[in-house]
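Good morning, and thank you for making time for this item. I should like to take you through one protein model, from the overall fold down to individual residues.

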Amino acid sequence: MLDILMSILVAGLTTGALYALATVGLSLVWGSMGMLNMAHAAMLTLGGYAAYTMCTALGLPIAFGFAGAMLAGAVAGALLYLLVVSNLLKNDKATFESNVMIATVGIGIALENAILLTYGGQPLKQPISVSGSFSSGPLNFPYQNLVIVIVVVVLMVLLGLLLSRTRMGRAIRATAQNRDAAQLMGVAVNRVYLQVLVLSGALAGVCGVMVSSMTQLSPPLGNDPMLKAFIMCVVAGLGNLPGAVAAAFGLALLEAFI
């Protein structure tokens, strides 16, 4: 009985870590910009395929795969802001939320189909994985699951430090609290928006690597994490980062026990 309970907890913690990583990027963008990025799923998928390309096609080490995933997600986020979001912000701000949601839906579909045309529809194995497991009594923790949990925890800590201890983080929090007041205090709000989308894209890229290492690479890879992330953002309150992370682990543990 105890070994079954340990297996459920391991599965719940691993899934919760993946959900939390997917949710944080989505919640960060909403909290700072009031924007629901429906292309987040495609950015997650892009990160997974970028890591696959770096490690398989180019034969580079795993570290470069992670770096490539983060870079691909960050570039996608930057392009999303420069080509789409910045132009929508110049128009009627009262309709910005609905306009940007529709626009990012189309971008997500286009990016997913571009990945499909480039790599095909056959599932691919993510080369970034770790074999073996850590065993102690009834606990059997696969190293792959352990790596996922550690990577996510490290990223959450770094993100927390970034938001609380740096000038950029203070600007992001100020913009999230009151954009007009932040502008009056000299905060470059447009630059903050760019930084937030780049940061969200980089997190989505890493999440894509982690998810595909547990399953397989396929063009609709990010759809399920995106759906769960949206649910958890709503449950926790859109823009509530700590609540979103708590909801992610809560939902994952509930799924595992069920």
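I shall begin with the conventions, then turn to the whole chain, and then to selected residues.

This is a predicted model, in which local features need pLDDT of at least 70 and side-chain atom pairs count only at pLDDT 80 or more, while totals for chains, interfaces and linings use all residues. Residues are numbered from 1 along each chain as its sequence is written, and side-chain values use heavy atoms, with hydrogens and water left out.

Let us start with the fold. The protein chain contains 10 helices and two strands; these are DSSP runs, helices being H or I of at least four residues and strands E of at least two, numbered from the N terminus. Their order along the sequence is α-α-α-α-β-β-α-α-α-α-α-α. The radius of gyration is 18 Å, close to the 18 Å from the globule rule for 258 residues, so the chain is as compact as a globular protein of that length. That radius is taken over C-alpha atoms, and the rule is 2.2 Å times the number of residues to the power 0.38. Along the principal axes, the C-alpha atoms fill a box of roughly 60 × 40 × 30 Å.

Next, burial and surface. Of the 258 residues, 46% count as buried, where buried means under 20% relative accessible area, exposed over 50%, and partly exposed in between, with a 1.4 Å probe and protein chains only. The accessible surface, from the Shrake-Rupley method with a 1.4 Å probe, comes to about 12100 Å², and 68% of that belongs to carbon and sulfur atoms. As for contacts, meaning heavy atoms within 4.5 Å, residues 24 or more positions apart account for 76% of those with a separation of 6 or more.

The chain carries 10 positive and 7 negative side chains, and the centres of the two sets lie 17 Å apart. Lys and Arg count as positive and Asp and Glu as negative, without His or the chain ends; each charge is placed at NZ of Lys, CZ of Arg, CG of Asp or CD of Glu.

I now turn to helix α2. Its 18 residues, 40-57, should span 26 Å at 1.5 Å a residue, and the end C-alpha atoms are 25 Å apart, which agrees; the expected span is 1.5 Å times one less than the number of residues. Helix α2 is mostly covered, with 13 of its 18 residues buried. After α2 comes G59, whose phi is positive, near 70 degrees.

Is M43, at 2% relative accessibility, buried or exposed? M43 counts as buried, and it lies in helix α2. Leaving aside neighbours within four places in sequence, M43 has contacts that include L111, L197, G201 and G205. The C-alpha atoms of M43 and V206 are 163 residues apart along the chain but separated by 9.9 Å.

Beyond four places in sequence, S213 is in contact with Q126, I128, Q144 and I148.

Let us move to α7, where R179 is located. R179 is partly exposed, with a relative accessible area of 27%. Which residues does R179 touch, not counting those up to four places away in sequence? They are L89, K93, A174, V189 and Y193.

Between α7 (179-184) and α8 (189-214), the loop holds G186, which counts as exposed at 62% relative accessibility. From G186 to A171, 15 residues away along the chain, the C-alpha separation is 9.6 Å.

Finally, V105 sits in helix α4, residues 96-119, and counts as partly exposed at 35% relative accessibility. V105 and A174 are 69 residues apart along the chain, with their C-alpha atoms separated by 28 Å.
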